[in-house]
Amino acid sequence: MLLELVTQWLDLSSLDSGKMKMQVIKCDVMQIIRVLAASFESMAERKQIHYYVHLPEQTSITFFDKDKLEKIVTNLLGNAFKYTPEKGTVSLNVESDENRIRFEVEDSGPGISKKDMAKVFDRFYQVEGTEDKGTGIGLALVKELVDLYSGQISVSSEPGKGTRFK
């Protein structure tokens with residue numbers, strides 16, 4: 001946990017200084033996402049969360065930065081599991097075409113109010129009442145990494161019904 005926090009701090013510092021660059025490899029991106037998704041199965045069992053993963057069957061050989069993709073996916077799935085209560089639901093849906101990969105992480109957690117949704121990607125911002133669950137760095141890092149990819153990220157949520165990141 002502490003190592004992860006320090007790593008996130010260093011990543012944000014690199015982003016701020018403009019020193020973080022893409023380190024692109026050519027590989028099957030679906031295989032990487034499949035492995036990342038599988039790494040959350042034991043957490044799902046432990047918390048009795050219904051965990052659904054929908055990935056394309058076909059391979060998708062493309063150029064991408066493995067480290068940054070891993071950070072994006074693990075932060076989004078980690079948050080979904082962190083805020084979803086026992087017997088809740090978390091899902092990961094991935095689609096791809098020749099030009100882009102779209103993924104969506106959805107949970108049945110407590111949801112986020114409209115007031116808080118506008119700030120969830122701000123550094124150190126924490127929804128009131130969740131201060132003991134994190135540092136407010138993860139989603140800010142995700143947003144900045146998605147921006148580095150020239151991608152887009154959005155959040156939709158309804159209090160009491162869960163949250164979806166696209």
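Helices are DSSP runs of H or I at least four residues long, strands are runs of E of at least two, and both are numbered from the N terminus. With that in hand, welcome to the views of this predicted model.

**Figure 1. Overview of the predicted protein chain, with its six helices and seven strands.** The protein chain has 166 residues, and 39% of them count as buried. Among its contacts between residues at least 6 apart in sequence, 72% join residues at least 24 apart. The mean pLDDT of the chain is 84, and 81% of the residues reach at least 70. Please keep an eye on helix α1 (residues 2–17), where confidence is lowest, with a mean of 55. Strand β2 (residues 50–54) is where confidence is highest, at 98.

**Figure 2. Helix α2 against helix α4.** Here the axes of α2 (residues 29–38) and α4 (residues 66–83) come within 10 Å of each other and cross at roughly 35 degrees. This crossing is right-handed. To find the contact in your viewer, select V29, I32, I33, L36 and A37 on the α2 side. Their partners on the α4 side are K66, L69, E70, V73, T74 and L77. Sorted by class, the residues of this contact are eight nonpolar, one polar and two charged.

**Figure 3. Helix α4 against helix α6.** Helix α4 also packs with α6, at an angle of about 145 degrees and with the axes 9 Å apart. The α4–α6 crossing is left-handed. From α4, the contact takes K68, K71, I72, N75, L76 and N79. From α6 come G138, L139, L141, V142, L145, V146 and L148. Eight of the residues in this contact are nonpolar, three are polar and two are charged.

**Figure 4. Helix α6 and the residue that follows.** The buried residues of α6 are G138, L139, A140, L141, V142, L145 and V146. Just after α6 you come to S150, which has a positive phi of about 60 degrees.

**Figure 5. The stacked rings of F40 and F81.** Searching the whole structure turns up three aromatic pairs. In the pair shown here, the ring centres of F40 and F81 are 5.6 Å apart and the planes lie at 10 degrees; planes under 30 degrees apart count as stacked, so this pair is stacked. F40 sits in the loop between α2 and α3 (41–47) while F81 belongs to helix α4, so the pair ties together parts 41 residues apart in sequence. Buried means under 20% relative accessible area, so F40, at 8%, is buried. F81 is buried too, with a relative accessible area of 0%.

**Figure 6. The edge-to-face pair of F121 and F165.** These two rings lie 6.0 Å apart, centre to centre, with 75 degrees between their planes. F121 is found in the loop between α5 (114–117) and α6 (138–148), and F165 in strand β7 (residues 162–165). The pair thus links distant parts of the chain, 44 residues apart. Both F121 and F165 are buried.

Methods:
Residues are numbered from 1 along each chain as its sequence is written. This is a predicted model: local features need pLDDT of at least 70, side-chain atom pairs count only at pLDDT 80 or more; totals for chains, interfaces and linings use all residues. Side-chain values use heavy atoms; hydrogens and water are left out. Axes are lines fitted to C-alpha atoms, for helices over the stretch in contact, and angles run from 0 to 180 degrees between N-to-C directions. A crossing is left-handed if the near helix is turned anticlockwise from the far one by less than a right angle, and right-handed if clockwise. Contact means heavy atoms within 4.5 Å. Ala, Val, Leu, Ile, Met, Phe, Trp, Tyr, Cys and Pro count as nonpolar, Asp, Glu, Lys and Arg as charged, and the others, Gly among them, as polar. Rings of Phe, Tyr and Trp (its six-membered ring) pair if their centres lie within 6.5 Å; planes under 30 degrees apart count as stacked, over 60 as edge-to-face and the rest as tilted. Buried means under 20% relative accessible area, exposed over 50%, partly exposed in between (1.4 Å probe, protein chains only). pLDDT is the predictor's confidence in each residue, from 0 to 100.
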